[in-house]
Number of protein chains: 8
Amino acid sequence: MSNAPTRVIWILGSDSDLPHIESGLSMLDELSIGYEVRILSAHRTPDPVDDVARGARERGVGVLIGVAGGAAHLPGVLAARTTLPVIGVPVPSAFGGGLDSLLSIVQMPSGVPVATVSANKACGKNAALLAARILSVADADIAAGLEAHKRGMAEAVLAKDAEVSQRYAN
Amino acid sequence: MSNAPTRVIWILGSDSDLPHIESGLSMLDELSIGYEVRILSAHRTPDPVDDVARGARERGVGVLIGVAGGAAHLPGVLAARTTLPVIGVPVPSAFGGGLDSLLSIVQMPSGVPVATVSANKACGKNAALLAARILSVADADIAAGLEAHKRGMAEAVLAKDAEVSQRYAN
Amino acid sequence: MSNAPTRVIWILGSDSDLPHIESGLSMLDELSIGYEVRILSAHRTPDPVDDVARGARERGVGVLIGVAGGAAHLPGVLAARTTLPVIGVPVPSAFGGGLDSLLSIVQMPSGVPVATVSANKACGKNAALLAARILSVADADIAAGLEAHKRGMAEAVLAKDAEVSQRYAN
Amino acid sequence: MSNAPTRVIWILGSDSDLPHIESGLSMLDELSIGYEVRILSAHRTPDPVDDVARGARERGVGVLIGVAGGAAHLPGVLAARTTLPVIGVPVPSAFGGGLDSLLSIVQMPSGVPVATVSANKACGKNAALLAARILSVADADIAAGLEAHKRGMAEAVLAKDAEVSQRYAN
Amino acid sequence: MSNAPTRVIWILGSDSDLPHIESGLSMLDELSIGYEVRILSAHRTPDPVDDVARGARERGVGVLIGVAGGAAHLPGVLAARTTLPVIGVPVPSAFGGGLDSLLSIVQMPSGVPVATVSANKACGKNAALLAARILSVADADIAAGLEAHKRGMAEAVLAKDAEVSQRYAN
Amino acid sequence: MSNAPTRVIWILGSDSDLPHIESGLSMLDELSIGYEVRILSAHRTPDPVDDVARGARERGVGVLIGVAGGAAHLPGVLAARTTLPVIGVPVPSAFGGGLDSLLSIVQMPSGVPVATVSANKACGKNAALLAARILSVADADIAAGLEAHKRGMAEAVLAKDAEVSQRYAN
Amino acid sequence: MSNAPTRVIWILGSDSDLPHIESGLSMLDELSIGYEVRILSAHRTPDPVDDVARGARERGVGVLIGVAGGAAHLPGVLAARTTLPVIGVPVPSAFGGGLDSLLSIVQMPSGVPVATVSANKACGKNAALLAARILSVADADIAAGLEAHKRGMAEAVLAKDAEVSQRYAN
Amino acid sequence: MSNAPTRVIWILGSDSDLPHIESGLSMLDELSIGYEVRILSAHRTPDPVDDVARGARERGVGVLIGVAGGAAHLPGVLAARTTLPVIGVPVPSAFGGGLDSLLSIVQMPSGVPVATVSANKACGKNAALLAARILSVADADIAAGLEAHKRGMAEAVLAKDAEVSQRYAN
């Protein structure tokens with residue numbers, strides 16, 4: 001939750017996918033980037049999906065994130081109705097670990113790209129970080145926040161390295 | 001081409017897919033089933049796609065056939081906007097022979113089915129025959145036409161069998 | 001269970017697949033469409049399978065639904081013995097999440113299509129809804145039932161959207 | 001072609017698959033094993049397929065070979081109608097190089113096995129050699145023929161080895 | 001366990017695969033076919049594997065069954081050292097449900113076929129039934145046993161059908 | 001080629017991939033977005049790759065596009081060394097049509113996202129359009145250019161539709 | 001843990017992968033080969049990864065082992081910065097059992113090979129044994145240790161064989 | 001061809017695979033590493049394969065390279081009969097671009113690793129470079145040759161970069 005103006009809208013095909021994005025919402029909170037979360041299905045509620053996509057730019061939104069599994073059409077449907085960047089998040093499924101979700105999102109036809117991120121547990125966080133990278137092109141504060149996050153990740157790895165390499169040293 | 005009233009609408013994402021359906025158009029002609037062919041993209045022309053799907057039933061259309069490749073959303077987009085049966089035709093692609101097209105079409109979420117047919121050279125013909133089977137539920141003429149076609153296929157196989165089994169007999 | 005005349009026959013290769021179709025039986029009940037359920041194996045009981053398929057149309061049945069996994073030949077065997085529309089339901093399996101089931105059902109040869117639906121938990125419900133869409137071509141009551149179901153799905157999504165978007169608003 | 005009594009029946013879903021089995025027919029000729037070749041489709045001509053399978057054992061046939069691609073049901077249909085060993089030959093297809101054919105043939109349910117061989121150019125020859133191995137269990141002449149063929153293969157490899165290892169020696 | 005002379009040898013790469021074949025051992029017992037079970041690895045104990053394969057025919061053995069997972073070379077190694085029919089049983093693995101095991105067994109080169117059966121829980125039983133089919137070519141008792149087993153399977157399915165179709169009838 | 005300041009850098013692992021991006025370069029020219037093209041390999045020239053990625057933001061660059069095939073590490077290597085958005089373009093390969101390239105690019109670990117686009121002939125154009133969408137968040141001219149391009153695509157489809165639907169009308 | 005000089009360095013992308021390599025550490029201990037374990041991420045800590053790879057040869061290290069999952073770039077990044085042999089260990093993942101990890105590691109471009117081992121539970125042990133085989137080329141003690149290990153594996157299999165073949169003998 | 005003592009033996013399952021390794025032979029020539037080339041099939045000539053593997057170490061050979069496609073058992077068979085490092089080269093095939101070859105080689109069981117390289121056109125060259133890296137652990141001349149080759153690769157890329165970045169500069 002955030003008091004910042006909405007720069008990112010998450011659209012999920014089903015509220016059962018909320019757990020996949022929680023790490024992403026925290027990430028945006030940490031970077032002070034405002035967002036909204038919507039539950040809207042490309043197939044069951046096509047009209048509200050259109051409205052969200054078509055109205056986003058003039059509201060000052062910078063990025064739409066579509067989260068879906070299976071024949072995961074939602075990100076592509078969003079990308080067809082806006083010229084803002086749309087991030088597609090393939091939800092892990094039982095079918096080859098999410099191969100259906102991944103291919104349905106990434107293999108978009110010429111002219112309508114979707115920025116697809118990985119189909120795994122990290123999918124929500126990486127979608128948030130990609131949104132932040134996109135906003136950082138014209139926002140020095142977000143760029144600074146990303147640099148700090150990057151240093152933090154490196155420091156966490158190095159701390160683990162110090163501990164583990166010591167444990168196995170003779 | 002046919003003078004019969006339109007019972008089937010083919011919607012193709014690109015006119016480059018026309019060759020895949022020509023055998024299907026001939027099949028409908030042979031069965032005297034009227035049809036239209038539209039070139040409309042789920043991603044580049046979402047509004048006309050909506051109009052075709054939403055207006056189909058009251059025009060007396062019985063089946064919509066969506067033909068698409070890659071992140072092939074077109075059949076699912078049609079199925080979201082009508083309660084008529086929608087046939088999905090995955091166009092063979094370079095990616096695993098069309099695995100992306102097939103999965104994007106068939107793996108629809110609960111509530112919005114697409115009747116998917118095979119992703120191969122026969123895809124157009126089989127879509128036409130499935131449309132005819134659907135219309136035949138309430139149309140004895142089409143049912144009779146399908147029976148005749150079925151007998152014809154069997155006779156063609158048996159003629160081949162006679163020739164080949166003779167060729168390899170001693 | 002239903003008192004309506006049988007318009008749909010479900011044929012399952014094994015009674016262990018019954019749980020996959022329960023949501024589909026409820027769906028047909030909700031739409032007041034009569035059905036029967038048979039346990040018949042294409043490989044262990046080929047003759048009764050033939051009898052069911054060959055006798056279906058004259059009994060007034062409109063759709064056959066074949067449910068099978070692995071080398072899932074049942075839907076294709078049915079389609080070879082009737083000109084009614086046959087829906088194929090690939091049961092999720094351990095092999096790539098059901099990739100074997102899906103390909104065995106959908107990749108039918110030219111001339112004998114099977115209307116394949118998704119290989120996931122929703123497979124029974126989507127098969128029922130596709131059967132209803134097929135019957136709705138010539139049945140205004142079923143068409144009305146499907147429209148009502150469609151509105152219900154949309155309303156359920158919008159209710160979730162209201163709740164979730166509120167939860168994450170500041 | 002062979003004057004020997006028929007011990008093997010090849011059943012092909014389409015005469016377009018004949019080229020895949022020519023090396024297999026030659027192999028059986030070389031081993032003096034009699035055979036027949038039939039063109040019969042599990043889906044277009046189900047009844048003659050049944051007749052061939054059901055009558056095979058009492059005619060003295062030892063092995064049935066089903067050759068098919070895509071949703072390749074033919075070998076399984078044969079295996080359901082005889083207790084003789086049935087060899088399944090997945091014809092290479094455009095779909096993952098024949099992955100659909102292979103899975104549709106090999107993933108048979110409990111109780112009805114099909115002896116599946118490789119999906120590649122060698123598929124006909126390997127089917128013939130597997131049939132010969134099966135017949136050799138009770139036929140010393142065929143066993144001797146197989147031993148000779150095996151020695152011939154080894155000698156051909158060793159001749160190549162001599163030539164190539166010499167070519168690259170200094 | 002059986003007092004009959006050994007007609008079938010099972011060779012397993014690891015005793016952890018024994019559970020996969022228990023249904024197969026019972027099947028052979030039911031058909032009164034004698035067998036042995038060996039634990040031998042193509043890669044860890046290549047010499048004893050060679051000995052078993054090379055000595056099998058003169059001991060009166062009719063079929064070798066190689067059971068393996070992953071880079072499952074065992075069946076192919078056996079087939080290279082005998083002209084008896086070799087059945088390959090791909091053990092289900094974590095990798096695509098056993099896709100690695102299946103491809104490593106079935107995709108044998110020209111000249112050395114392996115009779116591959118399904119990669120699933122039924123794999124042991126189907127291997128046993130395929131071995132029995134092979135032996136039945138020259139053994140009327142086994143043929144009769146297989147016919148009885150086939151009738152039993154059909155009766156079991158029909159009994160389930162009676163129960164289930166009644167349960168869902170109105 | 002463009003006189004505009006460089007907002008996008010294309011980095012290709014090999015100049016043999018240039019044909020894949022030509023449609024993308026034209027697209028950027030059409031939208032008056034300046035770019036550079038570099039041939040640098042993550043594995044053969046790691047140091048210059050680092051330099052390009054690390055120096056990009058302060059030069060005013062907004063997006064990096066990494067183009068690679070096989071174990072396509074280049075986009076991920078770039079993303080590890082900048083906080084700018086990095087687009088990954090999987091080059092179609094012989095291996096499952098580019099499945100290796102796609103998975104190597106998209107399945108990035110938590111913390112370091114790559115915005116992956118489709119692995120097909122359109123990959124260069126879609127990468128360019130995604131870059132433009134990203135830059136358009138803070139650039140009204142590019143947003144206007146994208147809207148014009150979107151209208152042009154729709155008009156092209158509708159022109160095809162008019163022609164084709166007329167051709168098949170009776 | 002070992003007092004021997006470091007001949008092998010394990011580099012893991014995450015300490016959550018430590019369980020995968022424990023059998024490998026024991027294996028090296030058993031063969032008296034010294035090693036170090038580092039936790040370093042190709043994407044989060046690129047610079048220390050470079051330092052380890054570039055400094056390895058002059059410290060007397062013989063083999064680097066990179067352990068990673070998903071878009072598993074670590075082994076390739078190491079191989080780009082040393083001319084020592086680099087072993088890549090694909091960690092099993094949810095995606096096709098590790099297909100993404102495997103392809104990302106093995107499909108390296110021309111000029112920069114990675115010695116990839118199997119993606120399964122045995123991955124750590126096999127990496128250790130491959131490292132030992134590499135060191136054994138110029139180290140007779142390690143060669144002797146490997147021969148002893150090989151004999152031990154064979155004896156363990158033969159003991160199982162004696163027990164199991166006895167259990168199933170009549 | 002080389003006058004140097006044999007340090008590497010290439011074993012190919014078929015001489016039709018020679019074109020895949022020619023770039024690898026040139027690479028070894030360039031590094032002055034002696035080699036032999038043998039054509040031997042794991043399945044058609046198992047005994048000579050055993051002899052080559054078992055006698056290699058005492059002849060001073062350091063690395064065996066097994067080249068095979070499909071159920072590519074050759075590298076594993078070699079690894080089972082020596083404790084030297086064995087490199088497995090999966091030959092590209094029609095089946096998923098070589099997925100069968102790759103999995104059959106890499107998925108070796110615990111205790112018997114094969115060092116697998118990429119399944120693509122570069123496979124021969126990368127096998128040669130991996131062999132050289134292995135030999136370089138104890139051979140400073142080869143290490144120096146590899147460093148020179150590495151510099152050469154980098155220079156070739158940088159020359160291309162200079163040309164291409166100039167071509168697209170304004």
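Reply: This is a predicted model. One charge pair to begin with is C:Asp15 with E:Lys160, a salt bridge whose closest N and O atoms are 2.9 Å apart.

Me: Which element gives the largest share of the side of chain E that touches chain C?
Reply: The contact takes 18 residues from chain E and 20 residues from chain C. Two or more residues on the chain E side come from each of α4 and α6 of chain E. The largest share, nine residues, comes from α6(E).

Me: What area do chain E and chain C bury between them?
Reply: By class, the chain E side has 10 nonpolar, five polar and three charged residues. Carbon and sulfur atoms carry 64% of the buried area. The total for the two chains is about 1,500 Å².

Me: What kind of rotation axis relates chain E and chain C?
Reply: A rotation of 90° superposes chain E on chain C, with 0.0 Å of shift along the axis and an RMSD of 0.0 Å. The two copies are therefore related as by a four-fold rotation axis.

Me: In chain E, which residue has the C-alpha nearest the axis?
Reply: The axis in question is that of the 90° rotation superposing chain E on chain C. The copies use different surfaces, as 6% of the contact residues of chain E recur in chain C. The C-alpha nearest the axis lies 3.6 Å from it and belongs to E:Gly96.

Me: Now chain D. What area do chain E and chain D bury between them?
Reply: The contact joins 46 residues of chain E to 46 residues of chain D. E:Thr83, E:Pro113 and E:Arg133 supply 20% of the area chain E buries here, more than any other three residues. Carbon and sulfur atoms hold 59% of the total, which is about 3,400 Å².

Me: How many salt bridges does the rule find across the interface of chain E and chain D?
Reply: The chain E side divides into 27 nonpolar, 12 polar and seven charged residues. Polar contact links 21 residue pairs, both at pLDDT 80 or more. The salt-bridge count is zero.

Me: What kind of rotation axis relates chain E and chain D?
Reply: A rotation of 180° with 0.0 Å of shift along its axis superposes chain E on chain D, RMSD 0.0 Å. The same surface serves both copies, with 100% of the contact residues of chain E recurring in chain D.

Me: Is D:Asp50 buried or exposed?
Reply: D:Asp50 forms a salt bridge with D:Arg81, closest N and O atoms 2.6 Å apart. The pair links distant parts of the chain, 31 residues apart: D:Asp50 in helix α2, D:Arg81 in the loop between α3 and β4. With a relative accessible area of 5%, under the 20% cut-off, D:Asp50 is buried.

Me: What separates G:Asp50 and G:Arg54 along helix α2 of chain G?
Reply: Their side chains meet in a salt bridge at 3.4 Å, N to O. G:Asp50 is buried, whereas G:Arg54 is partly exposed. Because they are four residues apart in helix α2, the separation is about one helical turn.

Conventions:
Residues are numbered from 1 along each chain as its sequence is written. Chains are lettered from A and ligands numbered from 1 in the order in which they are written. This is a predicted model: local features need pLDDT of at least 70, side-chain atom pairs count only at pLDDT 80 or more; totals for chains, interfaces and linings use all residues. Side-chain values use heavy atoms; hydrogens and water are left out. Contact means heavy atoms within 4.5 Å. Buried area is the accessible area (1.4 Å probe) that two parts lose on being put together, summed over both. A salt bridge is a side-chain nitrogen of Lys or Arg within 4 Å of a carboxyl oxygen of Asp or Glu. A polar contact is a pair of N or O atoms within 3.5 Å; within protein, one must be able to donate a hydrogen and the other to accept it, and residues adjacent in sequence count only if both atoms are side-chain atoms. Ala, Val, Leu, Ile, Met, Phe, Trp, Tyr, Cys and Pro count as nonpolar, Asp, Glu, Lys and Arg as charged, and the others, Gly among them, as polar. Copies are superposed by least squares on the C-alpha atoms of residues with pLDDT of at least 70 in both. Buried means under 20% relative accessible area, exposed over 50%, partly exposed in between (1.4 Å probe, protein chains only).
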